[in-house]
Amino acid sequence: MTDISPDQVFVPLELHGIRLEALAPHHAPGLRAAAMDGALWNLRVTSVPEPDQVEQYIFKGIEMRPSRFAFAVIDTASGEVLGTTSYHDVVPAIGRLEIGYTWYAKRCQRSHVNTTCKLLLLTHAFETLGCALVGLRTDNFNHASQAAIERLGAKKDGVLRHHALRRDGTVRDTVMYSITRGEWPEIAAHLRYKLAQRPIAALPRAGDAGIQEASC
């Protein structure tokens, strides 16, 4: 894996009505609306920006290149921004990167969105960028996120104790997972099978009533 550039990362990535594109300033209104769907910044175990911090959040994601490449998650049917995800901690010398900084509007949690995004990003990482390993990490108290990562087929590497600050000033343990290049073909087949077993329903629009409690 050689050094990667934005032109290599931000190629057309689209599947099942979901498109990933480079997170940019023009996504701010949509990303703000996604965060407000569920007031996600109040969740202790995530790092979703408050509405007045969205522009800063986007610029930070851009400034972190090439160690982080942030994507906007787009519903192709409506054009709405559903959330964001990133490649981060990119280490080309050893063919490693991680997928994280991931959050979605409440209305599209427990849908096909997360599995679709992970399939797109993992396929691109292993089959185009040439990664040897893709890592994932989450807060030790974010049990929903841990379950979602484990459902992907990632292996738990361990826990980094007293590893990072939360927004409330407490210090979290970080649970680390990974997928190797050798494991990828079986995991890819599993993710495609999972998506094929469920109908890909249209996502609720922002402001729709009856949205269920969910976790990403």
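This is a predicted model: local features need pLDDT of at least 70, side-chain atom pairs count only at pLDDT 80 or more; totals for chains, interfaces and linings use all residues.
I began with β1 and strand β2 (residues 18-22): they run antiparallel and are joined by three bridges. I count two strands as paired if DSSP finds at least two bridges between them. I also saw that E14 stands opposite R19 in β2. My names follow DSSP runs, numbered from the N terminus: helices are H or I with at least four residues, strands are E with at least two.

Residues are numbered from 1 along each chain as its sequence is written, and side-chain values use heavy atoms, with hydrogens and water left out.

Next I looked up the whole sheet. It is open, with eight strands in the order β1-β2-β3-β4-β5-β6-β8-β7 and mixed pairing. Which strands stand at the edges? They are β1 (13-15) and β7 (155-165); each has a single partner strand, so one side of each lacks a neighbour in the sheet.

Then I turned to two helices. The axes of α2 (residues 28-36) and α3 (residues 54-63) come within 9 Å and cross at roughly 115 degrees. Axes here are lines fitted to C-alpha atoms, for helices over the stretch in contact, and angles run from 0 to 180 degrees between N-to-C directions. I therefore wrote down α2 and α3 as roughly perpendicular to each other (65 to 115 degrees; under 35 is roughly parallel, over 145 roughly antiparallel, the rest oblique). Their contact (heavy atoms within 4.5 Å) is made by A28, L31 and R32 of α2 with V54, E55, Y57 and I58 of α3.
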